[in-house]
Amino acid sequence: MLHVWLSGIESLLQLRELMFLALGMAIGLVFGAIPGLGGSTALALLMPLTYGLEPFTALALSGGVMGAVPMGGSITAILLNAPGTAPNAATCIDGYPLAQQGKAGLAIGAAASANSLGGIIGTISVLAVLPIAKELVLLFGPPEFFLLAILGLVVVATTSRGKMLRGLITGGFGLMIAFIGYNNVSGDVRFTYGVEYLWDGVRLVPALIGLFAVAEMINLMVKGGTVARDAGTVKITRMMSGVMETFRHPATVLRGSIVGTVVGAIPGVGGVVASFLSYSLTVQASKDPDSFGKGNIEGVIAPEAAINAKDGSALIPTLAFGIPGGAEMAVFLGILVLHGLQPGPLMLIQNQTEIYGLVWALTASCILASCVGLLLVRPLAMVTLVDSEILAPVVICIALVGSFAIDGQIGNVVITAVFGILGYLMLRFDYPRLTVVVALVLGGTAERSFHQTMMMNNGGWSIFVDRWVSALLLAAIVILLGSPALRMLVHRLRARPIAAEKPQT
Amino acid sequence: MRRAFGTPIVDYLPALVLWLLTAAYLITAYGYDAESRVMPALVAWAMLLLLLLDLISRTQTRFGQALTRWLNPGAAQVKGASTDPNMTRKQFAAVLWLAGFATALLLIGVLYAVPVYVFASLRLRGRRSYLVCLTAGAGMALLVWLLFAMLLQLNLYPGLLLQGV
């Protein structure tokens, strides 16, 4: 095992890979600092640019982006109360009051060191779990893969922050899109309506660029103005004291990292849950819970440690099962596919060097980003003052030209534009986008596995309950779908004794 | 504003449009042989049911409210926002700019569409000076050319109108 770890490091320690890692880190910092963009947009924009690169170089670039985005996001969360990425919203609660008190440097220093420590703990957990994951995935056959694809969709839908029904709808919509084009099983071409470009189906990468990068830009154009309104609030002092603060609160770092690692490994739950859960657990464990929300440094350390620990463990479902842990991982999945790396059990066996190299790239990037982030705090904060009228056309240009560049098909531009509008409409009407992405990624696998399963069992459905792994997955799907009703029931049962107590008091 | 079951009719539109699209998809699916349509039809039927639940959950009836509490407690209501004319105009403008750029890429190709779009966007939307718009447009075109044509060795699309030029 040590040999594979070392070969991963060795592959990363090449000049070309290190350069692209550093480039990815710089891009990740900038995109992380711009609210609304984040890692998924950065990766979506970079995806076509990686086309000409070696697969490992592309992974180093992606790892650089993913490792650095949380640090960029925490800078604007602390300085301007504008979280660069959604998970950084938890950092705002205590980070911004600290900045208002003139302790922005302290908060950023603490966030940077918590980021690095969280990232390292996350990496250790991935290195420990990946070998076991390989054994686990070998238990999976076509019925299990079909159910796993459905489970992935249901998990993402049920964790769509109280929008399970809409999550399921957008998941179904994504599946409908995924079925467009040539069907490997029957040899038919479906739902193309005479458009030759659609014979290969809706290409994942242009669709992702549209759903994330273009949709966010349309949103920014509609809202108008700049992301941050006042540059005068930027005060940077006592950063090294902040770094030391993290080491004075080891329990907070460890708690946050464990929460991030566990939550990150569950597909679809994402960084927002990890950071807020870590924050609330820290408040509950604190001897002075009233000080939170008013500038308690632990309120910065806890979410930041969770966010970076989550990034490492989110690789487990993405690489082992092809189920992305979140939007960023969904786009990253697209990069893997683009470079001929098919996530799944075989990848864990055949591409160990690439996988471990990626894990190291992620860790190196988050440590480097923390250091560079400390040096570049002020100019990074200025990026948020760029007017949307300048930012939007530039990003849209890169997005549309980039999608064309993937394989030189002009149809990609149309797909990106259409999915951009679709993504905006989904934002506007409050439908989750993540399930569409998961469905686009898993749709083909689901259909192929379904047909293979039916062939294995001569069209019988009993195979889904005859095999213990598939029975377990089926049970998980049923439980998840029934979870809202179960939650309501528990809520009512809990409320009943309280209601009974009220007349007595 | 016209209402149905206590909810403005306009709030039903997203689910209704999706329902109609799904119905059309299902009809198309039944045009294929059994093996090809099994999964699309399965998903489309499930979608029709889910969208029906979504439509019901948007009503102000007791059942609708119960459905929202069970399945969509976090779903935001977009009441009123859809009727704000200023917002609607901005949305249309943003979508039109995107559609315009995509069309320009198709017609006049990458190297002409990029500077034209950046120039027009900065000038008409951003109201920047001609010098800034020209510099930004030319700079963006140069960046695209360096990045895609030079660094990645890609043939940039010449456009339908200028294909032979």
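Predicted model: local features only at pLDDT ≥ 70, side-chain atom pairs only at ≥ 80, totals over all residues.
Visitor: Which residues of α8(A) meet α21(A)?

Guide: On the α8(A) side they are Gly167(A), Thr170(A), Gly171(A), Phe173(A), Gly174(A), Leu175(A), Ile177(A) and Ala178(A). Their partners in α21(A) are Thr435(A), Val436(A), Val437(A), Val438(A), Ala439(A), Leu440(A), Gly443(A) and Gly444(A). By class, that contact has nine nonpolar, seven polar and no charged residues.

Visitor: How do I read the geometry of this pair?

Guide: Start with the axes: those of α8 (residues 164–178) and α21 (residues 434–456) of chain A come within 7 Å and cross at roughly 40°. The two helices are therefore oblique to each other, and the crossing of α8(A) and α21(A) is right-handed.

Visitor: And between chains, how is an interface described?

Guide: The size of an interface is often given as the accessible area lost when the parts come together. Here we can count residues instead: chain B gives 52 and chain A gives 50. On the chain B side, α1, α2, α3, α4, α5 and α6 each give two or more residues, with the largest share, 13 residues, from α2(B). That side of chain B holds 38 nonpolar, nine polar and five charged residues.

Visitor: Where in chain B is confidence lowest, and where is it highest?

Guide: Strand β1 (residues 3–4) of chain B is lowest, with a mean pLDDT of 83, while α1(B) is highest at 95. Chain B averages 87, and 90% of its residues score at least 70. For the model, ipTM is 0.93 and pTM is 0.74.

Methods. Residues numbered from 1 in each chain as written. Chains lettered and ligands numbered in written order. Contact = placed C-beta atoms within 7 Å. Helix = DSSP H or I, 4+ residues; strand = E, 2+ residues; numbered from the N terminus. Nonpolar A, V, L, I, M, F, W, Y, C, P; charged D, E, K, R; others polar. pLDDT = per-residue confidence, 0-100. Axes fitted to C-alpha atoms, helices over the stretch in contact; angles between N-to-C directions. Parallel < 35°, antiparallel > 145°, perpendicular 65-115°, else oblique. Left-handed = near helix turned anticlockwise from the far one by under 90°.
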